[in-house]
Amino acid sequence: MSDTILILNGPNLNLLGLREPHIYGHETLADVEARCRSLATSLGLEIAFHQSNAEHQLIDWIHAYRIDAAGIVINPGAFTHTSIAILDALNACEVPIVECHISNVHRREDFRHHSYVSLAATAVMAGFGIHGYELAVRHIAYLRGAR
Ligand code: DQA
């Protein structure tokens, strides 16, 4: 069983810390990566951490890890609400998938209330801020111990 957790970030998350900080906070994606790496190391796991604004790139990363990963943490950004292609890629995965949103999408505009990705997700997190990524990593470590 692989020791690597794939952490994927979709469009506009490269601007984390700069973009709408009243919603997403002041910490950057590099801060998220550092926190996840440090936690993963303490749990005896590794992290592959990526961000792209391109749907096809996210799908290619999902394909690369769909069997050989401890699990996938994905914040698909706005693709959450639009992308059947990302849903199909996640449905082809044989590892646990945690969908992770920094904000509480259910408290926001109606169009953010529906997620295609949730149809493939093992678990869904929303509104934990960037701490949600660490909780997701912990959950995958927990599931890995149970597998
Ligand atoms: C988000 C919520 C999405 O609705 C939005 O499009 C994002 C970020 C979140 O992390 O809260 O880009 O996924």
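Student: Is Cys 100 buried or exposed, and what is its relative accessible area?
Tutor: The model is predicted, so local features need pLDDT of at least 70, side-chain atom pairs count only at pLDDT 80 or more, and totals for chains, interfaces and linings use all residues. Residues are numbered from 1 along each chain as its sequence is written, and side-chain values use heavy atoms, leaving out hydrogens and water. Buried means under 20% relative accessible area, exposed over 50%, and partly exposed in between, with a 1.4 Å probe and protein chains only. Cys 100 is buried, and its relative accessible area is 0%.

Student: How many disulfides does the structure hold?
Tutor: A disulfide is counted as a pair of cysteine sulfur atoms within 2.5 Å. The sulfur of Cys 100 is too far for a bond, because the closest cysteine sulfur, in Cys 36, is 8.2 Å away. Cys 93 is also too far for a bond, because the closest cysteine sulfur to its own, in Cys 100, lies at 16 Å. The number of disulfides is zero.

Student: What is the strand order of the open sheet?
Tutor: Strands (E, at least two residues) and helices (H or I, at least four) are DSSP runs numbered from the N terminus, and two strands pair if DSSP finds at least two bridges between them. The edge strands, each pairing on one side only, are β2 (46-51) and β5 (123-126). With parallel pairing, the order of the five strands is β2-β1-β3-β4-β5.

Student: In β5, which residue is the bridge partner of Glu 99?
Tutor: Strand β4 (residues 97-101) pairs with β5 in the parallel sense over four bridges. The bridge partner of Glu 99 in β5 is Val 124.
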